[in-house]
Amino acid sequence: MEFNQIRKSLPRTDALEKVKGKATYVGDIKLPGMLYAKILRSEYAHAKIISIDTSEAEIMTGVRKVVTGKDCKILFGACIKDQPPLAIDKVRHAGEGVAAVIAETERQAEDAAKKIKVEYDPLPFVTDPLEAFKEDAPIIHDQNLEYCRVPGFNPKEGTNIFHHYKQTKGDTEKGFKDSEVIVEEEFYYPLLSHVQMEPHGCIACWDSENSVRIWAGTQAPFIVREIVGQMFEIPLSNIKVQVPYLGGGFGGKSDVSIEPMVAYISRFVPHHPVRLILTRKEVFTSSLLGRGMKGTIKVGAKKDGQLVALKAALYYSDGAYGDTGCNVVTASGFVATGPYEYEHCDIDCYGLYTNTPPVGAYRGYGHPEAHLMSERVMNILARKLGMTQAALMKKNFLCDGKTNAVGQVIRKGNGDIYQCLDEVEKALFTSSKPQENDDYYYGRGIAGFMKTPMMLPNASSGAIIKMCEDGTYNVSISGIEMGQGCQTAMTQIAAEALKISAEKIRISKEVDTQFSPYEWQTVGSITTLRAGNAILQAADRAIQKIKESVAMIAHKPVEDLKYEGEWVRSKSDKNFEFETKLLALSYLSPDGHGVGEPIETTGHYYIPGVKFPAPVTGGGDCCGSWTFGCEGAEVKVSKKTGEVTVLHMAIAIDLGRLINPMGARGQMVGGMMMGYGAALMEEVLFNDKGIMKNPNYNKYKVPKLSHIPEKLTVKFIETPDETGPFGARCIAEHPAISIPPAILNAIQDATGVDLFEIPVKPKDLLAKTGGNHNGKN
Amino acid sequence: MAKINVKLTVNGIQHELTVDEKETLMEILRDRLHLTGTKNACAYGACGACTVVMNNEAVRSCIVKPDKYNEKVVLTIEGISEGFDLHPIQEAFIEAGAIQCGYCTPGFVMSLYALFNSNLNATDEEIKEVLEKHICRCTGYEFIWDAAKLAQKKLQDKSNP
């Protein structure tokens with residue numbers, strides 16, 4: 001297939017504004033009459049609120065209003081309505097909002113917030129998921145069962161379990177009996193902070209009792225609209241949510257975070273926009289966290305490496321409110337096998353209330369946690385079987401015709417993981433491994449991955465295409481540009497479909513729920529697939545309209561006409577051509593009448609056939625798309641310090657069709673470095689009072705320039721996906737998934753030490769390698 | 001809170017302001033002068049997003065207090081190129097694919113501006129030292145490094161045509 005506009009590294013549509021400092025983020029917006037909010041936050045992980053005295057704060061200079069959760073009857077949530085906008089009768093994590101001050105300046109609000117006196121009665125707390133799972137654990141939500149929730153979530157009365165997802169295939173007990181080799185291990189993936197560079201921000205202004213405008217740094221303006229509508233029982237059409245540029249999301253700005261709170265408090269000062277921008281500390285303590293899993297996995301195989309049975313249990317510390325994490329829990333169950341076929345599976349995923357900030361989506365959505373287990377276990381099992389890990393993987397890969405754990409048959413068009421593994425092996429193993437020396441061990445590791453986007457069965461994306469009189473086009477989508485490059489990719493897809501140069505397309509830069517097409521939310525790496533297909537449908541409809549108009553004007557049958565972008569030509573009459581742009585506003589004939597309709601069309605797409613998981617097996621057609629790939633790492637480990645240096649990271653991913661090579665590489669490298677951070681650096685920690693120990697950049701370290709490996713390999717395989725635009729599929733989260741197990745497998749190769757926890761702590765590793773000498777076992 | 005009178009020049013324009021003693025240069029730029037290209041990401045000098053050039057040196061504007069910016073000449077991302085033009089460092093960031101969410105971009109550009117202005121032939125180690133003071137969560141730094149090297153080349157070519 002020949003392409004003119006995709007498979008090219010066109011410059012980003014947003015680059016100019018961003019590099020000039022002119023791109024607007026929510027914190028850059030100033031509105032007339034705007035007031036500023038600051039939040040007083042709980043210093044207790046779990047406590048009853050006895051009293052709140054706001055009298056002193058109320059009389060401070062510039063203070064317009066002090067709002068608490070007293071008398072608040074609202075609980076919100078997209079799937080489980082378990083969260084109040086401000087704590088009502090008790091706090092469930094340190095950092096939870098207890099009161100809000102609205103003042104004329106941010107400083108005034110901050111000063112006044114310090115004058116609020118809150119009396120607490122501390123309660124026992126729990127931050128660890130396994131502790132929270134115990135029968136005698138402190139119960140964080142007494143009303144667990146009473147919350148309003150959408151179908152498909154299974155809480156357990158009298159416990160902290162707000163969702164138990166169970167998936168079964170075959171007969172696991174029999175499977176283990178039939179197995180000749182069994183491996184069983186426990187793993188820990190800590191809570192992480194997304195550390196988007198732009199802190200969460202939101203402005204809300206109530207124009208009447210049932211009408212509100214919201215400007216938010218969110219990946220999900222239509223979810224914000226829905227939830228705000230439910231909270232106040234107002235028409236969704238009266239809610240205007242606008243999203244300017246987003247300074248990074250990674251899932252931590254999806255569903256909702258601070259928007260319900262800002263909508264709630266701003267209602268007390270109608271007609272004033274109220275702005276809340278989180279501090280960096282609040283981003284850590286009071287927005288969303290990601291991951292946080294303790295799990296066990298047991299796999300059984302035949303001596304020849306044939307995988308037979310898998311039993312896994314994943315326990316998620318999902319924080320004070322379960323709504324944001326409930327689907328992550330389910331998604332991890334879909335992929336607990338890793339990219340391999342097992343005849344028998346028994347998978348339990350538990351979402352647990354804990355006294356940490358709420359935990360939600362984070363690049364990979366349950367997949368990195370599941371793959372840490374599956375890909376480490378493949379490494380261990382291979383050694384036990386006396387095979388290479390690659391050979392074991394190849395023997396069991398899910399591929400064309402094989403059935404995954406949820407019962408879906410994988411198609412060729414889902415991608416070729418064999419080729420991905422070959423590319424990673426080639427990148428990693430072509431040169432010989434450096435010889436162990438007095439200072440370092442050297443090792444190499446690989447890990448596979450598969451990823452599916454989690455979504456509602458009817459989650460859709462829309463697109464609007466409008467031709468201008470000069471033959472240029474305005475294209476609107478509601479995919480949020482948060483750095484991933486969706487504006488540029490969508491521009492290229494629209495240009496390819498309309499057979500014109502990308503320069504003639506102007507993609508919408510801001511999203512406004514009252515003007516922009518519907519978009520469920522920008523999550524699951526799905527914009528290319530879903531919004532891309534919506535654009536294709538809108539473009540097809542525009543082309544059809546164009547042909548119909550020309551047919552009427554030229555008195556030719558539609559079937560005789562060929563659309564060629566700027567011109568429409570005839571198949572039978574070589575001399576006929578018609579300039580497309582003359583149709584933009586409908587055609588004005590020389591004798592002065594209008595013909596046809598203006599070229600303005602819409603398109604929509606949702607992945608057909610996706611259903612909620614079946615009640616008993618947890619399976620069925622619950623996954624809408626699959627992407628496969630492999631990652632690898634080469635490391636050296638210091639014999640003196642246990643320090644791990646990553647020398648080379650590699651990824652090969654079957655992305656179906658490359659849209660923008662430079663943009664795609666940027667996603668791959670950025671994602672691998674996020675995986676690097678998780679493997680070696682990042683971990684949210686709590687002290688003995690349940691208060692976060694490291695809510696800042698100085699203590700929660702993220703990768704910097706010096707951490708990039710000397711070598712980065714990125715390989716793209718293009719097995720077209722018949723459901724994707726020009727064959728393209730989802731790719732953005734994927735590189736973050738399997739770098740941690742690849743690095744741990746490489747550390748094993750180097751030192752002989754099997755690790756089951758991240759981040760790797762040099763001191764622990766040093767101790768396990770037997771200190772400063774050759775500790776290879 | 002004590003008030004202080006300060007004078008400073010920002011992007012060639014002189015300003016006389018009465019500020020709070022705690023009011024940082026970042027707040028002056030963003031809230032008073034509406035130069036929002038300077039980004040607030042941590043407000044304690046750890047991430048580099050708010051970097052501007054003050055008297056030819058890269059500073060983290062979120063921790064610069066009035067006594068430090070009084071009587072100083074400040075350049076922000078809005079001041080390094082005229083009108084529709086781009087500075088070669090800005091061109092390099094676009095061409096190298098170094099921009100994703102864009103929130104850290106102005107800080108990186110301003111740090112490199114200060115570096116190359118004082119030392120056009122900075123070594124790779126010197127460039128790395130400067131970039132190490134910044135956090136980018138999107139790109140994984142590969143293309144930022146490429147942009148820095150490309151910018152240096154563009155500036156060198158410009159000074160020795």
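## Ground rules

Residues are numbered from 1 along each chain as its sequence is written, while chains are lettered from A and ligands numbered from 1 in the order in which they are written. Since the model is predicted, local features need pLDDT of at least 70 and side-chain atom pairs count only at pLDDT 80 or more, but totals for chains, interfaces and linings use all residues.

## Domains of chain A

Chain A splits into domain 1 (15–20 + 460–606), domain 2 (31–123 + 197–248 + 253–286) and domain 3 (289–398 + 408–455 + 612–768), with bounds from an automatic or database domain assignment.

Between the C-alpha centres of domains 1 and 2 of chain A there are 40 Å. Still, 15 residues of domain 1 of chain A are in contact with 16 of domain 2 of chain A (C-beta atoms, placed from the backbone, within 7 Å).

## Where chain A meets chain B

Here 42 residues of chain A are in contact with 36 of chain B. Helices are DSSP runs (H or I, at least four residues), numbered from the N terminus.

## A helix pair

The axes of α11 (residues 389–396) and α12 (residues 417–429) of chain A come within 10 Å and cross at roughly 170 degrees (lines fitted to C-alpha atoms over the stretch in contact, angles from 0 to 180 degrees between N-to-C directions). So α11(A) is roughly antiparallel to α12(A), the label for angles over 145 degrees. Ala390(A), Met393(A) and Lys394(A) in α11(A) meet Tyr418(A), Leu421(A) and Glu425(A) in α12(A).

How values were computed. Contact = placed C-beta atoms within 7 Å. Helix = DSSP H or I, 4+ residues; strand = E, 2+ residues; numbered from the N terminus. Parallel < 35°, antiparallel > 145°, perpendicular 65-115°, else oblique.
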